Amino acid sequence: MKAVRWNEPAEPPVVERVARRPSFESRLIGLSAVMLVAIVGVLSVSFSLRQIRTLRVEQTDRVRAYGTLLAHQLRSAVAFGDRETAREVLDTIDPRVVAVVLYGDDGRALYVSGDPDAWTDRVSRGVLDDKIVRTHGRVSSVARVSSLEGPEGTLVVQMSTAATLERQHAATMLAVWIGLATLAAGVGGALWIARSFGDRTRQLSAANVQLVGEMERRAAIEVELRQAQKLESVGRLASGVAHEINTPLQYVSDSVHFVQTAFGDVMTVLDAHRAGAPDARARERELDLPFLRDTVPESITTAIEGIDRVVEIVRSLKTFAHPDRPEMAPADLNAAIASTLTIARNEYKYSADVVTAFGELPPVTCHLGEINQVVLNLVVNAAHAIQDVVGDTGDRGKITVTTREVTGGVEIDVADTGGGIADDVRTRIFEPFFTTKDVGRGTGQGLAIARSVVVDKHRGRLTFASDVGTGSTFTVFLPRAA
Amino acid sequence: MTQTTPAANRRRILFVDDEPAILQGLRASLHRERKRWDMVFANGADEALAHMRSGEFEVVVSDMRMPKVDGATLLGIVRRDYPATARVILSGHAERDSIVRALPSMHQFLSKPCTPDRLCEAIERCLASPDMDPRLRALIGRLDRLPSPAELGGALEEFASRPDGTLAEATALIARDTAVAAKVMQIANSAAFGTPGRSTSLVQAVQFLGVDLLRAITVGSGLFEATGDAAAALTEIQGHAVRGAAIAARATAGTPDVDQAFVAALLRDVGRIVLVVGMPGEYRAMVDEVAATGPLTGARICAAEARVFGADHATVGATLLRMWGLPESIVDLVAHHHTPERAKAAPALIAAVHAAAG
């Protein structure tokens, strides 16, 4: 028992190749890492920013508190316009104070220390009151100095923001670096992910293209195989039909040659008689007239029979090779099956007798050429099954072809008295390339194509019943109009 | 279906087919030969064998595909039991499978439809040299192939086992081997190949058969080896044949006869192979005797062969090749390569082959 199977393609399957690339899971982990980096980055930056803000508030609070404290200490000095007292108080102030200006009640500066900037003028014009003013490198607190005695002054304390700025700067730079690093990591990661997703997408689309190509290739192969099976059966038919035609041609040729010779001989003797030749009688005896009398008419009959036989075969061939039209057409299946049996005769005549039991059939709308092919495949299979059983014993099997009308359509039975189909292959007989026949006797396509034609194209059914040792019956059901 | 009582001087021919109309047609169309031939028509192999048991036939013409016992099998039985009977296939199946299957048991292969003239010619070929010693005839009839010398057989076997052997390689091998060349010419000239006319060129024949069929023919070449006396003689004959073929080809170079001269010279000693392989001891003794009494010339050997075996190697070879269906022109050259004055061939051609015979 041989099962010719389709060879696996040399390349590994596409799915396997994709699976060898980084998995989707590893990509997810990468993505999570990038997100984590981004979150940490954002948190760090916002912490830095908060830190900067805190520094600023601290500085402001400090300068304001300091201003308030000084203003309190300077009350009496303001009240009495006492510069000395003011100097005493202010000379001992915090070294972080870079400039102090005390304005008296009259708006004149009672005391100036350091290098007060332009703000002091604005303060002196009374624009500002108890404000915190920031200028380049300084933060200024403007405090009202109210003495119990009545006169009021204004104190401007300017502190350097350099140290704070330094810390702010450090925090800013940190935030910037963290931001940049996060950005870089994010962008890089995003790019990597994008690329790897891109890779995957490309792989998938490549795999997809390949799969589509593969499917197209398979489809093309299937078409080719179907064509090949058709050619194969046409080829074997051609050789079978050639034999079927050569045999009658041989006896037609022999008979006609004989009649030609015989007629020539008879005419010669007749001429001799007419001419009154002395050896005419002897020549007539030579002629073996009794043989000619029997055999000439017999030969003519044989020749006519032979020609009829050739004509029938050629006509059947024409019916069988019915050109397939794109649309289905109503057909007389009994006549078609009879023709198919005539041209397939060489396949079965040495091993089996064919019995037909054709019922009355309505016209069936079908692709007749394809249905002929199906019947031919079934008949050839039946003949092979019988040959396997009878071998060279000279015994003959029987192929019974039955047609009948059933509800909704017609049924064609092809039954043989072959060996039946073994249980272990029953489920596989319709698979393409499955065959139990020897190489060269079958491609394993016959039943697969038969099923495709009957089931897929004609919405019919192809079923079988088989008894090991008794034979098989294949039944084709075709709906009247597919 | 036996026809009339056999007359003593008529040649007995048996026709076998499973189709009664074919037999009837043959009986009618061959009626014209009734005076020379005693023809029997058998429906199927069983009937044919029954006829053969009741009297020997000189020729059997059988259909190929018949129920139960087919033509190849029938002719195989005939070859085994009646080796002197010539065997012809007349088949409606003209494909190569049929001929490969029939190859070992048939002498000629004819395709249906076949005209009475063509059939008669094929039968006549088998009936030639009627007075040949029956033992010799059986020897010729039984041969389905001739042995190749050991070293050539090995090379052919090697070729057959290789799937990539080319036509050129095959041609080179076959042009050195009388045995395989004869087989190739036989098949190329069988009607199964639909050759237009008979093929007289070995190169053409090789091309016509194709590598696959050549492989089928050459397979087993190494298995059929002559031993002892025959092996030595075979190697000598082979060398002689190849040298002669080269001489004949040189002598006719540039003329249209060159192919025929080459083939005829290569095949001219095919009869010696038959004798050496069939009766090695006797042939050796005969050669020794000729050598003891004088020079070993072609004429003296032929005379001794005719005396000892009833026919010289030229006649034996010609009979074999004729039975195998080789073109009559080549058969003629082989038959007369020692007696050129009797050949029908053009003087230049027979002279070349005669010169090759040395």
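Trainee: Which residue in E10(A) does A:Val401 stand opposite?

Mentor: A:Val401 faces A:Val414 in E10(A). Helices (H or I, at least four residues) and strands (E, at least two) are DSSP runs, numbered from the N terminus. Residues are numbered from 1 along each chain as its sequence is written, while chains are lettered from A and ligands numbered from 1 in the order in which they are written. Keep in mind that this is a predicted model, where local features need pLDDT of at least 70 and side-chain atom pairs count only at pLDDT 80 or more, but totals for chains, interfaces and linings use all residues.

Trainee: Got it. In what sense do E9(A) and E10(A) pair, and over how many bridges?

Mentor: Antiparallel, over 8 bridges. Two strands pair if DSSP finds at least two bridges between them. E9(A) and E10(A) make a hairpin with 2 residues between them, and A:Gly408 in that turn has a positive phi of about 85°.

Trainee: What about A:Val414, which residue is its bridge partner in E12(A)?

Mentor: A:Phe474. E10(A) and E12(A) pair in the antiparallel sense too, over 7 bridges.

Trainee: Why is E10(A) called largely enclosed?

Mentor: Because 6 of its 8 residues are buried. Buried means that 20 or more other C-beta atoms, placed from the backbone, lie within 10 Å of the residue's own; with 12 or fewer a residue is exposed, and in between it is partly exposed.

Trainee: And A:Thr475, is that buried or partly exposed?

Mentor: Partly exposed, since A:Thr475 has 16 C-beta neighbours inside 10 Å. A:Thr475 sits in strand E12 of chain A. Setting aside neighbours within four places in sequence, A:Thr475 is in contact with A:Glu411, A:Asp413, A:Thr463 and A:Phe464. Contact means C-beta atoms, placed from the backbone, within 7 Å. A:Glu411 is 64 residues away along the chain, yet its C-alpha atom is 6.6 Å from that of A:Thr475.

Trainee: Zooming out, what's the strand order in the open sheet of chain A?

Mentor: The order is E7-E9-E10-E12-E11, 5 strands with mixed pairing. E7 (352-358) and E11 (461-467) are the edge strands, each pairing on one side only. From one strand to the next, the twist averages 15°.

Trainee: Which helices pack on the sheet?

Mentor: One is H9 of chain A (residues 333-343), which touches E7, E9 (397-406) and E10 (409-416) and has a direction at about 165° to that of E9(A). Another is H12 of chain A (residues 446-457), touching E11 and E12, with its direction about 135° from that of E11(A). Those angles run from 0 to 180 degrees between N-to-C directions, with axes being lines fitted to C-alpha atoms, for helices over the stretch in contact.

Trainee: Switching to chain B. At what angle do the axes of H13(B) and H16(B) cross?

Mentor: Roughly 100°, with the axes coming within 6 Å. That makes H13(B) roughly perpendicular to H16(B).

Trainee: How many residues of H16(B) are buried?

Mentor: 11 of 11, so H16(B) is largely enclosed by the rest of the structure. Just after H16(B), B:Gly325 has a positive phi of about 85°.

Trainee: Which residues touch the most other members of the largest nonpolar core?

Mentor: B:Val88, B:Val184, B:Leu321 and B:Val334, out of 120 residues. Helix H11 of chain B (residues 228-251) gives the most to this core, 9 residues. A nonpolar core here is a set of buried Ala, Val, Leu, Ile, Met, Phe, Trp, Tyr and Cys residues joined through C-beta atoms within 7 Å.

Trainee: Last one: how many residues does each chain bring to the contact?

Mentor: 21 from chain B and 23 from chain A. On the chain B side, helix H1 (residues 20-29) gives the most, with 7 residues.

Methods:
Contact = placed C-beta atoms within 7 Å. Parallel < 35°, antiparallel > 145°, perpendicular 65-115°, else oblique.
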